[in-house]
Amino acid sequence: MKELVLRGGTVVFPDRPPQALDVHVKDGRIAALLAPGASAGGAAEESARGLHVFPGLIDAHVHFGLSGEKITEYSTETRHAAIGGFATVLGYFLNNEAYTEVFAREQGYARTRAYIDYGFHFSTANELHIRELESYVRDYGVTSFKYFMNFKGDEGRYLGLDGTDDGYFYDLLKEAARIGKVTIVCHTENIELVNRIRRRVQAAGGGTLKDWAASKPPITESEACLRAMYFAETVGARLYIPHLSTRMALDEVRRWRKRYPEVRVETCPHYLTHDENSDLGPLGKANPPFRAPDDVKAMWEGLADGTIDVVGSDHVPRKRASKEKGLWQASQGFPGIATILPVLLSEGYHKGRLSLERVCAAVTAAPARIFNLEPSKGLLAAGADADLTLVDLNEERTVRAADLGSFADYSLYDGWRLKGWPVRTIVRGETVMERGRIVGREGASAPPRSPRRASAPAARACRAGGAPRSRDARRLPWRAEIPRSREAARCLARRAKRRGRGAGGRGSPWGAGTARRRAARARATCRRRCTRGVRRGAAPRSSSA
């Protein structure tokens, strides 16, 4: 893994204006952010002149395998993501069964195929999942779990998921709160209302995207949001609302956050660019549907003022053939990872709707923070993974699905002229994409590192190919484990404090002053250890790394 310094670029931060800085990369991590031209020892120099350097982008909402190509999609869709500047993706497991075998199977598929870092959310659909929730956190490092409020009765059978009810949802939130540091990702939809309204729309002969939207009016999203937020507040759980699409729901989130801040919100690029009047027909069918033009405006407002935290793709790489049917028979979802950043830059930044800081936050820092990937992911700082996305803000391209590398053979943005494109994707110091071409390898892994046990479960994003190499590593299998996270630091500090108490407690041969000194040394040692990362899935860094 070579040492290099990127010269002449402008570094983009999520919380302050961009700044001209050089980026020094060593051993797959950021060694330093340097003043322009400052010495970086003997590191090879590469030019980033005229480019903006973002932290490696993160898409927290990806579906693998829904098109029927589960195994090969770990290759095609991570390639597609790298072309779009993404260094990490988080996919959803949608399963009824226990996750022990599922996890091992999917890791086997992904590990040798993925071009970039990846991780997973687990869905929850039965009592077994609630009973085993803590073991998923402990044994696999999973800290986010999907729940579909609309899957009641047989509604979720097309995904193989059992139907549940509000009682189940309440118990799931309660268990997540008890475990701590767990986020419930909640699809908010009142299916009882939808079913009745949809029957009426279909009976009237509706078959357009506007009719699809009419079958799921804004109240079906906003009422479910209210219920989910109320449940979460009552039990003290963390809630993440994906693919928010309506002004009505957004207004409820704004109000609720004043009384309970543990609610995070995502929207998708298509809710920023397409409305119910679109002429895409079944190709544009998604759930939630495209909304009214005022809802599109609201999504931009929410993203600009921070009410919406994250932009995720809800990527489903379906073939055009699965969409070109009657509206009610067409499959839902479409590809979208590779066009997220160009959409945010072209339609957001260049049209004065978003600052670069807000663009950066929505696709780097916010998903990293919410899903426990920081501090290795989502920011440019010494010690973080050298995940970098180099962007030419002024480059204009016409979107062509064939250029984007997905299994899907179309894009919602085919023919659109977008301004602002990623030109290089770097993952842990290795270039994966350059000027639209994949130059990295499938399943390329980080170098072997000796194992070290983490003190607390943390984040995910295992480098493709990073098979667990020890018993300790297997406990941290696929998220970029962060023992230097705040939670791990607190855990280690508590351990140090206990050691200190033991050294000078009642009956101890040491005095209180000695005990305090010993405790201080122990805490300092723990803090030093917390600045060195351990890798989930790839073998962790040694204490001498």
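Start by selecting Cys-186, which is buried at a relative accessible area of 0% (buried is under 20% relative accessible area, exposed is over 50%, and partly exposed is in between, with a 1.4 Å probe and protein chains only). This is a predicted model, where local features need pLDDT of at least 70 and side-chain atom pairs count only at pLDDT 80 or more, while totals for chains, interfaces and linings use all residues. Residues are numbered from 1 along each chain as its sequence is written, and side-chain values use heavy atoms, with hydrogens and water left out.

**The cysteines**

Searching the whole structure gives zero disulfides (a disulfide is a pair of cysteine sulfur atoms within 2.5 Å).

**The nonpolar cores**

Next, select Phe-122, Phe-145, Phe-169, Ile-184 and Leu-344. These residues have the most contacts inside the largest nonpolar core, which has 101 residues (a nonpolar core is a set of buried Ala, Val, Leu, Ile, Met, Phe, Trp, Tyr and Cys residues joined through side-chain atoms within 4.5 Å). Which helix gives the most to this core? Helix H7, residues 218-235, does so with seven residues (helices are DSSP runs of H or I with at least four residues, strands are runs of E with at least two, and both are numbered from the N terminus). Now move to Val-11, Leu-21, Leu-390 and Ile-426, which are among the 17 residues of a second, separate core. As background, nonpolar side chains tend to be buried together in soluble globular proteins.

**A nonpolar patch on the surface**

For a contrast, colour Leu-193, Ile-219 and Met-248. Together they form a nonpolar patch on the surface with about 240 Å² of accessible area. Patches take residues with over 30% relative accessible area and no salt bridge, joining like charges within 9 Å and nonpolar side chains (Val, Leu, Ile, Met, Phe, Trp, Tyr) within 5 Å. The accessible areas come from the Shrake-Rupley method with a 1.4 Å probe, and for residues only the protein chains shown count as cover. Zoom in on Met-248, found in helix H8 (residues 247-257). Met-248 is partly exposed, at a relative accessible area of 39%.

**Salt bridges**

Switch to the charged side chains. How many salt bridges are there? The count is 31, where a salt bridge is a side-chain nitrogen of Lys or Arg within 4 Å of a carboxyl oxygen of Asp or Glu. Here are some stops:

- Lys-351 and Glu-347: their closest N and O atoms are 2.9 Å apart in a salt bridge. Lys-351 is exposed at 51% relative accessibility, whereas Glu-347 is buried at 13%.
- Glu-395 and Arg-435: this salt bridge has its closest N and O atoms 3.1 Å apart. Glu-395 lies in strand S16 (residues 388-398) and Arg-435 in the loop between strand S18 (430-434) and strand S19 (437-438), so the pair ties together parts that are 40 residues apart in sequence. Glu-395 is buried at 17% relative accessibility.
- Arg-417 and Glu-396: their side chains meet in a salt bridge at 3.9 Å, N to O. This pair links distant parts of the chain, 21 residues apart, with Arg-417 in strand S17 (residues 417-427) and Glu-396 in strand S16. Glu-396 is partly exposed, with a relative accessible area of 43%.

Then select Arg-29, Asp-117, Lys-377, Asp-385, Asp-387 and Arg-428 as one group; a network of salt bridges links them.

**Backbone stops**

Finish with the backbone. Most residues other than glycine have a negative phi, and most peptide bonds are trans. Where does a cis peptide bond occur? One joins Asn-287 and Pro-288, with omega about 5 degrees. Pro-288 lies in the loop between helix H9 (270-273) and helix H10 (293-305). A cis peptide bond also joins Glu-374 and Pro-375, with omega about 5 degrees. Pro-375 sits in the loop between helix H12 (356-370) and S16.

Now select Asp-27, which has a positive phi of about 55 degrees although it is not a glycine. Asp-27 is in the loop between strand S4 (22-26) and strand S5 (29-34), and is partly exposed at 43% relative accessibility. The last stop is Asp-314, with a positive phi of about 55 degrees. Asp-314 is in the loop between strand S15 (310-311) and helix H11 (340-349). Is Asp-314 buried or exposed? Asp-314 is buried, with a relative accessible area of 12%.
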